[in-house]
Structures are given as C-alpha cells and as structure tokens.
Amino acid sequence: MTKTYRELTGKEKRHIKKLVVSKCANYDKEYGCLPLDCECPVFGICFTNSALCKWFRKALLPTAPELQAIFEPMPLAVCKECGKHFQKNGKRVYCSDKCAAEARRKQTAARVRKHREKKYHE
C-alpha cells in the first residue's frame, strides 16, 4: 500500500497547537518545550509525514481521534465478496455484515452441494 502524504490544513494546525498548549506535560507557555528548551517543534509541522514528538504521539494523539486518523491511517483491505475497499479492523475480510452473510450463504450452499454429490455417487 502506498501512503499519500498531504499538507495539514489551518484548522488541523490550530487543533494541534490547542492540544499541545492545553494538555502537554512538557510544554510551558513561558518557556516552550521544557526538554528541548525551545519553541515546541510540533507547532512547526506542515505535512502528515512530519516527525512528531514522542510525547505528542504516545500521550496526546490518542486523546484526539480525528488527528490520530490523519497521522496514523488504518490500512485498507479489499472485501472478498464485493471487492470494495474498507478500513481493516482486526481479522475482518468483508466490508459489511451484508457481505459476510452473503458469503456465508454461498459457502453453505457449496458445502451442501459437495456433500450431496458425494452421497449420491457412492
């Protein structure tokens, strides 16, 4: 799967800054980033493939699911029934319950057909 990177929108940048200023334990309004002794480097990111502070990635990003979806996209999978792309979540191989039910119906029909052929050819 090829990753496509894009520039962050102004709204996303503001959301990041608000998150850091309000919740980051390493950020001080007067001094900036305390471990680095400079302005917070997360404020300067412009693209979705930018390097993120370890604290920001581990502690702050999970609290903002919309930002987490931007920086850590879920891998896509192809539905085995209809061929549609969907976000992979665990071991799912079908995009919806409807496709799963249809596939189960086809598998049951094939299994019963095979059993009947075996029974009548004996």
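Colleague: What makes up the lining of the second largest cavity, by residue class?

Modeller: Four nonpolar residues, no polar ones and one charged. This is a predicted model. The lining consists of K13, I16, V42, F43 and I45. Lys counts as charged, and Val, Ile and Phe count as nonpolar, so K13 is the charged residue here.

Colleague: What volume does the second largest cavity have?

Modeller: About 30 Å³. The structure holds two cavities of 30 Å³ or more.

Colleague: Which residues line the largest cavity?

Modeller: V20, C24, N26, Y27, C33, C40, V42, C53 and F56. Eight are nonpolar, one is polar and none is charged. Cys and Tyr count as nonpolar, while Asn falls among the others, so N26 is the polar one.

Colleague: Which residues have the most contacts inside the largest nonpolar core?

Modeller: I16, V20, V42, I45, F56, L67 and F71, in a core of 17 residues. Two or more residues of this core come from each of α1 (10-23), α2 (54-60) and α3 (65-71).

Colleague: How do you know that the span of α1 agrees with its number of residues?

Modeller: Take 1.5 Å a residue. The 14 residues of α1 should then span 20 Å. The end C-alpha atoms are 20 Å apart, so the two values agree.

Colleague: Which residues of α1 are buried?

Modeller: E12, I16, L19 and V20. Each therefore has under 20% relative accessible area.

Colleague: Why is K119 called exposed?

Modeller: The cut-off for exposed is over 50%. K119 has 56% relative accessibility, so it counts as exposed. K119 is found in helix α4, residues 97-120.

Colleague: How far apart are the C-alpha atoms of K119 and R92?

Modeller: They are separated by 34 Å. Along the chain, K119 and R92 are 27 residues apart.

Note on methods: Residues numbered from 1 in each chain as written. Predicted model: local features only at pLDDT ≥ 70, side-chain atom pairs only at ≥ 80, totals over all residues. Heavy atoms only, no water. 1 Å grid on protein atoms, 1.4 Å probe; cavity = no way out; pocket = protein on both sides within 12 Å on 5 of 7 lines; lining within 4 Å. Points joined across faces, edges and corners; volume = space filled by probe spheres on them. Core = buried A, V, L, I, M, F, W, Y, C linked by side-chain atoms within 4.5 Å. Buried < 20%, exposed > 50% of the residue type's maximum accessible area, 1.4 Å probe, protein only. Helix = DSSP H or I, 4+ residues; strand = E, 2+ residues; numbered from the N terminus. Expected span 1.5 Å × (residues − 1).
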